[in-house]
Amino acid sequence: MSVTEIGTTIEAQSTAVIAVIALIATAGIGGAALAVGPDAGLQTGAAQQENPLETGVSLEPSSATVTSGETTTYDVVVDTANGGVGAYEFTVSIADPSVASISDVAVGGNPSEQTTDVSIAADGSSADVTAALANTSDSGMVTIGTVTVQGDAAGSSDVSLAVEALGTEGGASYTVTETTDASITVETADDGDDADDGDNGSDGGDGDDGDDSSDDDNGNFDVSIVTTNSPIQKGVDSEFVVFVSVSNTAELPDSGTPEPDTQDIELRINGTDVATTSPFTLRPQEQVIDTGISVDVSELAPGEYEAVVASDDDSETVPLIITPGSEYALSNLDPAEATVTAGDDPIDISADIENVRDLTGDQDIELTVTDEVTGEVVYNDTEPDVTLDAGDSTTVTFENVPAGDLEPGEYTHEVSSEDDSVAGNLTVEEDEQNGSDGDDGDDGDDGDDGADDGEDSDDGDDGADDGEDSDDGDDGADLETAVSLQPSESTVTVGETTTYDVVVDTANGGVGAYDFDITVDDPSVASVTDLEFGGDPSAETSNATFADDGSSVSVSAALANTSDTGSVTIATATVTGDAPGTSGLSLAVDALGTEDGEPYTVTETTDASITVESDDGDDGDAGDGDGDDGDTDDGDDGDGADDGDDDDAGDGDGADDGDDGEDADDGDAGDDGDAGDGDGDDGDGADDGDDETVYWQVDFSEGEDPPTPPSYWPNDVMSGLGNSENGVTENPSLRRQESDGQLGDVNIVDNEFKFDDEGNPTEVTVKFELEEGAEARDLHLAAFTLPGPFDEDEIDQQELFEATSGTYEGGETGELTVSIPQEDGDEDG
């Protein structure tokens, strides 16, 4: 176990993580941790981030012309992303709202409803947009929003853009170097032509207009791009996939059931049609969410292309970026742990490098040694121009690293490429054999040294100045805490697991956000296999990433809700013993914030250790005991326990355990059990279910019970489809969510159902939250069997399989679960 001192302030990266969390305005986290300073550079807290990521942000196109009453759209484009865009806050304003007004905003990166806030002024003069936990393309141009502007009166107006905050998906902040505005020109519609149209209408052109009106009445298909898998690496990914939402925005008639409209959705690349979806049939106010359109782009050369998704009525554009390149993955840092004595000879540090992509690469490999207390890089070296063909690997060795020349203390040595890094711990100890103690004695003798110490106390005056700095942040002083792994040590046998809590020692205002890493110093001994989040953050605001070899886990979470004061456990990690030995477990805290978004100063982190012992072979035999009778021991319960040593001799007991042999016969009886399932209908049972596909539908809607027959039109509903052969086929297949008092103010988590197994589901769950102030209502979830693939004309033939419901108040969260029909489930269930 080691104790690592952290500086008196959180690093810029950690502040940026807290800043991303602070962006979630709708969730009520306070504090403006990100802001654009006077120099247009994005700042974090009081200190600007070192080595900032720089980009411009622009409105595109730069100008547009419409006639009065028409609309146009402007994309908010991050010019150069590096690490994607995970959080953003911007405002688009119309300089002259008498000329044009903002009517709609679509957010980019598919953030959840809980982490998104769009506010449009009543007169349409501006729109404020805030989002966090977005998922965009990692590099290149990224569209973070699309603003719809309507022309209201003849004239021209500027459309301005202000970016208040911009961060990567990893929580680092961008420096916004420039924002580019746009303009709109509104022209008066040609009334004369309209009059002619009126004449045509009186001549029967009105009939044509009537046809158009009929189309408008039944179908106006808006398309919205949710996300794509761009950028695509040449030779690695062959398909370009676009996920779109399609909405029929036509108005509902005053009475009666409107006829549905049917349209194809097309994907075009650089103006060429390359893919078409199956026809969509939607009634007014119905929509389909997250439908994928894919096309093979393996023959396209690296570069940037324009991809357009279009219906008959609407289209949206997104960049398709195909990149060449390589990726250097690092492993096998040697030594991962090293201890040297001051004055020792230099050491060698090496790491394995592999090009895991399909193209030849050429990268510099760098070694850095960093003081863990001050964060200062005390040594660095570079191996330039390491060239690797696709799939090739090599070992890079940095010779004669002067570790013994460093001051005694704790250091981190890291080898890194452009894509990856591996790090270990380096300890430099004092050289006691060379009279260090005597030197200490000299120090003791040296009153001058004491005077120096007095000067250090003058430095203490400097410390007082620092205290004045702390006066700058008295609140920060109030928010100091240590974080530790508990217990400090644990012992397991090979194959067993143990858990370690990540504990904030002194909370003040709870813990609402955290970002930390746990690392197994020797992954040959143990591995991190699971993690449980503390404070109950949602799936949308939490993430745990495990290394492939289990050597580490990186954890981040926001919107957690913990105890306000005292000791708080923010996570529990499960560690498995893999081989005999002992390994340290290191904890690094990158960010820690209160539930109100204020950052903690982490004063100290305390690590832990794990010892893995051999599994005693005799014990193993004893455990297997009636060994082969593993089940036998279990069957004998107490006898089986006694059978630890009685093993072979206990074959007599084993003979008693022969009942277990009979259990094996019971296994045959199990076959009889199968017969029991069908009472001898084994053959019939096979005929009854194995060859017949069961089709099913699930519906979530208002009311204590589903309607009979299950025709929900025109009420709000979210539906899903599937069958016993293919599993889940559409999730959701349909969603109407427009009416308050039905589902209009129900926020459905991820806008989809949660199945226990997408390929072979046995149950389905819907999770939701009613908005504050929403009226109380009954909500139900129901599963139906269908006579075959979904057919609207066969709704009256659907049979209710299982339903559940509950009553919920405004502000409450809910969760409903029902079973899914199975091939043999109609009779057995």
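User: What makes Glu-266 and Arg-268 a salt bridge?

Analyst: The model is a predicted one. In it, the side chains of Glu-266 and Arg-268 come to 3.2 Å, N to O. A salt bridge needs a side-chain nitrogen of Lys or Arg within 4 Å of a carboxyl oxygen of Asp or Glu. The pair therefore counts as a salt bridge.

User: Are Glu-266 and Arg-268 buried, exposed or partly exposed, and how do you know?

Analyst: Glu-266 has a relative accessibility of 24%, and Arg-268 has a relative accessible area of 27%. Buried means under 20% and exposed over 50%, with partly exposed in between. Glu-266 is therefore partly exposed, and so is Arg-268.

User: How many salt bridges are there by this rule?

Analyst: The count comes to four salt bridges.

User: What does the salt bridge between Asp-745 and Arg-777 look like?

Analyst: The side chains of Asp-745 and Arg-777 meet at 3.2 Å, N to O. Asp-745 lies in the loop between S46 and strand S47 (746-748), and Arg-777 lies in strand S50 (residues 777-786), so the pair ties together parts that are 32 residues apart in sequence.

User: Are Asp-745 and Arg-777 buried or exposed?

Analyst: Both Asp-745 and Arg-777 are buried. That word is used for a relative accessible area under 20%.

User: Why is the pair of Lys-754 and Glu-752 called a salt bridge?

Analyst: The closest N and O atoms of Lys-754 and Glu-752 are 3.5 Å apart. The cut-off is within 4 Å, so the pair qualifies. Lys-754 is partly exposed, as its relative accessible area is 25%. Glu-752 is also partly exposed, at 26% relative accessibility.

User: Which residues are linked in a network of salt bridges?

Analyst: The network links Asp-750, Glu-752 and Lys-754.

User: Why is Thr-572 called buried?

Analyst: Its relative accessible area is 18%. The limit for buried is under 20%, so Thr-572 falls in that class. Thr-572 lies in strand S40, which covers residues 565-577.

User: What makes the link between Thr-572 and Asp-501 a polar contact?

Analyst: The side chains of Thr-572 and Asp-501 are joined at 2.8 Å. A polar contact is a pair of N or O atoms within 3.5 Å, one able to donate a hydrogen and the other to accept it. The contact of Thr-572 with Asp-501 therefore meets the distance limit.

User: How do you know that the peptide bond between Gln-486 and Pro-487 is cis?

Analyst: Omega of the bond joining Gln-486 and Pro-487 is about 0°, and the bond is cis. Most peptide bonds are trans. Pro-487 is placed in the loop between strand S33 (480-486) and strand S34 (489-493).

User: Where is Pro-732, and what is omega for the bond from Asn-731?

Analyst: Pro-732 is in strand S46, residues 727-736. The bond from Asn-731 to Pro-732 is cis, with omega near -10°.

User: Which residues form the negative surface patch?

Analyst: The patch is formed by Glu-113, Glu-702, Asp-740, Glu-769, Glu-771, Glu-772 and Glu-775. Asp and Glu count as negative, so the patch is called negative. One of its residues, Glu-702, lies in strand S44 (residues 695-702).

User: How far apart are the C-alpha atoms of Gly-811 and Glu-769?

Analyst: The C-alpha atoms of Gly-811 and Glu-769 are separated by 6.7 Å, and the two residues are 42 residues apart along the chain. Gly-811 lies in the loop between strand S51 (799-808) and strand S52 (813-819). At 24% relative accessibility, Gly-811 is partly exposed.

Methods. Residues are numbered from 1 along each chain as its sequence is written. This is a predicted model: local features need pLDDT of at least 70, side-chain atom pairs count only at pLDDT 80 or more; totals for chains, interfaces and linings use all residues. Side-chain values use heavy atoms; hydrogens and water are left out. Patches are made of residues with over 30% relative accessible area and no salt bridge: like charges are joined within 9 Å, nonpolar side chains (Val, Leu, Ile, Met, Phe, Trp, Tyr) within 5 Å. Accessible areas come from the Shrake-Rupley method with a 1.4 Å probe; for residues, only the protein chains shown count as cover. The place of a charge is taken as NZ of Lys, CZ of Arg, CG of Asp or CD of Glu. Helices (H or I, at least four residues) and strands (E, at least two) are DSSP runs, numbered from the N terminus. Buried means under 20% relative accessible area, exposed over 50%, partly exposed in between (1.4 Å probe, protein chains only).
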